[in-house]
Number of protein chains: 2
Amino acid sequence: MLKGRHIVLVEDDEIMGGSIYQRLRLEGAVVHWVKQVARAVGAIRTPGHPVDAVVCDIRLPDGSGEDLFFRLSDSVSLPPFLFVTGHGGVDQAVRLMRAGAADYIQKPFEMSAFLQRLSLLVGAGSSEIDHFVGISAAATAVEDLVRRAAQVNQPAMIRGEHGTGKGRIARALHGLSADRAQGFHEVDFAKQGASLIFDRLMPDAEGTALVGSGGTIFLNALARMPREAQDRLAEALERDPLRARLISACGREMDQALADGAFRADLFYKLDVIDIPVPPFRDRPDDAIWLMMRLFEAKNADRDPPLAGISARTEEAMRAHVWPGNGRELRSRVIRGLEMARGTLLMPADVFPDRPEVAETRAELPSLATVRDAAERRQILLALETTGGQVGEAARLLQVSRTTLWEKMQKLGI
Amino acid sequence: MLKGRHIVLVEDDEIMGGSIYQRLRLEGAVVHWVKQVARAVGAIRTPGHPVDAVVCDIRLPDGSGEDLFFRLSDSVSLPPFLFVTGHGGVDQAVRLMRAGAADYIQKPFEMSAFLQRLSLLVGAGSSEIDHFVGISAAATAVEDLVRRAAQVNQPAMIRGEHGTGKGRIARALHGLSADRAQGFHEVDFAKQGASLIFDRLMPDAEGTALVGSGGTIFLNALARMPREAQDRLAEALERDPLRARLISACGREMDQALADGAFRADLFYKLDVIDIPVPPFRDRPDDAIWLMMRLFEAKNADRDPPLAGISARTEEAMRAHVWPGNGRELRSRVIRGLEMARGTLLMPADVFPDRPEVAETRAELPSLATVRDAAERRQILLALETTGGQVGEAARLLQVSRTTLWEKMQKLGI
DNA sequence: GGGGGATGTTCGGAAATCCTGACAGCCTTC
DNA sequence: GAAGGCTGTCAGGATTTCCGAACATCCCCC
């Protein structure tokens, strides 16, 4: 149960901490042991890997575990917390449980019981949400939208550049909907013979159609839908509400098609009830890294010998790349990189053989202060942009005081 | 808040039971005192009256309160359980809380604290009285006022901030009045076309009007009533007492409208015979909790999977919130929170993703600290890689001291 | 087995950062 | 033209961060 799970252990006592640490390691968990509240905040809020559970002592040198929990519970959605303490009482236990702690164990305890209860949380912990777009804020927003769209039977339109995984999102939407058992029918107008498939889906003169009873019709590359098919669909929608769920996907080229009349505007608006915009990878580098990790894990296992990991510089290079081909490009780059890699790590040169300059950055690294400032600067600008230049509002978004933000803006020259 | 509530008290100790029983009676609760598990099962599962809460001892002559709880928890919906015990320990408390008990108090306890915690639970449960404003003293006062207003046919004026549910109160008043069958006609002057609707309600030159025979006219956003309509209404009132019941609603802006003459003072006083002031949510946090509970119960049932409950921290945060948007804001927050929640409880971060009072949803940004940490983490990894894992060397590259780098690595879990 | 160098860790003080609070302008909006 | 909301600015104090110093280890190489 615990194998491969990421667990943060917050415990200052050497003996106790050591024994828990050892045991969890033995069980195959990846344990991050911190001894102070301040450390724990960072480890839980900005983890290198999603945290599956937190095992937390109450009495700590620089504060209490309770403080830690309350502080975090205001700002982020938390992994399950298991409190472990020798000094607590019923009141504390009840208070914490009511506040949302997952479990509470008194010292001394049986290690086996402890492990069992921890496994329970980890198993239940839905911190491993089923991501199908990515882990960035933008991606989870899209996922939420898809989930909601799946609840109502309204035509949905997925809009995004090439390779952003519109097809996969459509399939996910179908899979989340109530009548997922009813079949998923894709018509890709970028392919030959799309019209034939489409014809079988639409009601004919006698009103019979393949999808009369439900299911999902996915119209891919909608902008290239033939005019004649558009007319038939519009007419079918007009005559009688379709039983099937309609999902369509298109890219930037739809603007053009609408402008020059190649696509009927009235039909477009009928299909665009729920709009699901998928941002390109260049706007969400975290997802590029996430997707790379997934691909790496999947494909590296087949490799002989498997690589030990991914160079941090590769991540850096991916973050900087603009991804004109989005997910499709990423996929092919990673797979090719895995084949080409010679050392033990996946290096930038493996993934970007076409960009020799990424390999050469050996000498000097920007200092920590530099990148920190750069990151802050980017974020501040982003916040200011979303608030339309309102400083106070931006400060709230960034969770600093207005004065601090002002100071930083002075310092960074914004 | 216990007045009129039905509470089952399960306690075998005469002294303890008697004292609780007396006190609860004093508070106005209807208490059903049983001294055995067997009796309690019946009293709770097949009560003569819906039970609002159960106060339960653990050690009982024919079993334990824990058994009672587990036995009942198989059946459908349990009232909130508050356990009271002198012998229990942390383990028991945690076990019960995890199983869904609402609270757990150790003997001996302060009676006042006990009552407070019990009230909290009871507030959550649905009550016998048909509340439509809230459960706080202020809200029940408003409800009483509405009930009385329904008895007499005098113009009533509901005054309250945006989102305090003035429309709902008006409808409730209508529903409580004798001629509720006569129809309810709303004219919302904040909306387009209000004047047209208004015209059809007012007697014309021939003295005929839509509401000549009764019913209720509800003038919403009264302060924005056009001057011309004011004149017509004043005239109609002057000429002949209207058959219909008049309810109007306005907010703070009416003071302004009266001051600068945008609203006729004479008309205002004619409409303000029965004054129903609705206090804002910030002045009655109990109602915020109550409304949240109602919404939670209603919407959580549709959720998949349903949440187990609401974190005590969330209640606390709601209590502290000022609710600039009052009920409307609360509603949208709770509904969004239910969508966003990831764990098993509704946490503060779900309901208040934006810390302070921003009424509308705002795309949440990672905090400055988060991106700063993330940037540092990346750079540190990069440096460590280029130095081949040599910490001291990496520190030099990053231009920080070795100690600092070590600290950061601790904090970030590297 | 004994340096030498690197790391893991703690400590105390200096330096910075951040927050609260306050006040003055400078806009809108009544 | 008064009020209220927002920004620019500053001060003072509480925290946090950062650094240098200091040990104890640990490992490698001689």
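**Close-up views of a predicted model**

**View 1. The loop at A:Gln399.** A:Gln399 is found in the loop between α17 (391–398) and α18 (402–412) of chain A. Helices are DSSP runs of H or I with at least four residues, strands are DSSP runs of E with at least two, and both are numbered from the N terminus. A:Gln399 is not a glycine, yet its phi is positive, about 60°. A:Gln399 counts as partly exposed because its relative accessibility is 36%. Buried means under 20% relative accessible area, exposed over 50%, and partly exposed in between, with a 1.4 Å probe and protein chains only.

The model is predicted: local features need pLDDT of at least 70, side-chain atom pairs count only at pLDDT 80 or more, and totals for chains, interfaces and linings use all residues. Residues are numbered from 1 along each chain as its sequence is written, chains are lettered from A and ligands numbered from 1 in the order in which they are written, and side-chain values use heavy atoms, leaving out hydrogens and water.

**View 2. A:Trp323 and its positive phi.** A:Trp323 is not a glycine, but its phi is about 55°. A:Trp323 lies in the loop between α13 (312–320) and α14 of chain A. The relative accessible area of A:Trp323 is 1%, so this residue is buried. A:Met318 sits in helix α13. A:Met318 is also buried, at 1%.

View 3. A:Arg331 belongs to helix α14 (residues 326–340). A:Arg331 is partly exposed, at 41% relative accessibility.

View 4. B:Glu11 is in the loop between β1 (6–10) and α1 (14–26) and B:Lys107 in the loop between β7 and α5, so the pair ties together parts 96 residues apart in sequence. A salt bridge is a side-chain nitrogen of Lys or Arg within 4 Å of a carboxyl oxygen of Asp or Glu. B:Glu11 is buried at 2%, whereas B:Lys107 is partly exposed at 21%. In chain A, the bond from A:Lys107 to A:Pro108 is cis, with omega near -10°.

**View 5. A salt bridge between A:Glu66 and A:Arg95.** The closest N and O atoms of this pair are 2.6 Å apart. The bridge links distant parts of the chain, from A:Glu66 in helix α3 (residues 65–75) to A:Arg95 in helix α4 (residues 90–99), 29 residues apart. A:Glu66 is buried at 9%; A:Arg95 is partly exposed at 39%. The structure holds 52 salt bridges over all chains.
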